[in-house]
Amino acid sequence: MSTLFIKNMVCNRCILVVQNEMDKLGLVVKNMTLGEVLLEKDLTAEERVAVESALVPLGFEVIDDKKSRMIEQIKNVIIDVVHYQDNDVKTNLSDILSEKLQHDYNYLSNLFSEVEGVTIEKYFIAQKVERIKELLVYDELSLSEIAHRLNYSSVAYLSNQFKKVTGLTPSHFKQIRDEKRKPLDKV
């Protein structure tokens, strides 16, 4: 068996695209999650080149070094928490990361800051702001419901953080909607 770590695999659609490419190459996937593909057999050098050639034009990248893999795993956990879980659990992000990645949070935090040039907390906030934008554009939830869903202690706290990042209040953002949302891998 062989595991590939893939950068920019940030959503379920990404999983479908990568699965499709693996199928085209005749590679049997045992399991696939955000940023990770478990293949039935080890890849030959030619197969690895074929995988990279197929994925790069689609915006993906096979990651080789340990630090880059860990950074991508941190990002994928944060994206999963913010965008795909309705935050029923009131657990600290540091605890979630430590548990899922089996490393001390200080190590993860220092590594992330060193490589990305931004703290995990700032990245987490940026992801939350993108999620708020998405929910505002959908216009299905009130600001109070959005604050609850994303574990903000109050609407005021959400609004202050949103304004600090975007320069706009959530209601002003909702009115103009010109501020295009960023793809998750560009946050």
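1. Let's start with glutamate 114, which counts as exposed at 54% relative accessibility. Bear in mind that this is a predicted model. The side chain of glutamate 114 pairs up with that of lysine 67 in a salt bridge, at 3.0 Å from N to O. As for the lysine end, lysine 67 comes out as partly exposed, its relative accessible area being 40%.

2. Glutamate 116 and lysine 75 meet through their side chains in a salt bridge, with 3.1 Å from N to O. Because glutamate 116 lies in helix α5 and lysine 75 in helix α3, the pair ties together parts that are 41 residues apart in sequence. What about accessibility here? Glutamate 116 has a relative accessible area of 31%, which makes it partly exposed, whereas lysine 75 is buried at 13%. The cut-off for buried is under 20% relative accessible area, so the lysine value of 13% falls in that class.

3. Now a pair within a single helix. Glutamate 134 forms a salt bridge with arginine 131, and their closest N and O atoms are 2.9 Å apart. Both residues sit in helix α6 (residues 120-138), with a spacing of three residues, or about one turn of the helix. Are the two partners buried or exposed? Glutamate 134 counts as buried, with 13% relative accessibility, and arginine 131 is buried as well, with a relative accessible area of 8%.

4. For the overall tally, searching the whole structure turns up eight salt bridges. Among them are the glutamate 114 to lysine 67 pair, the glutamate 116 to lysine 75 pair and the glutamate 134 to arginine 131 pair.

Notes
Residues numbered from 1 in each chain as written. Predicted model: local features only at pLDDT ≥ 70, side-chain atom pairs only at ≥ 80, totals over all residues. Heavy atoms only, no water. Salt bridge = Lys/Arg side-chain N within 4 Å of Asp/Glu carboxyl O. Buried < 20%, exposed > 50% of the residue type's maximum accessible area, 1.4 Å probe, protein only. Helix = DSSP H or I, 4+ residues; strand = E, 2+ residues; numbered from the N terminus.
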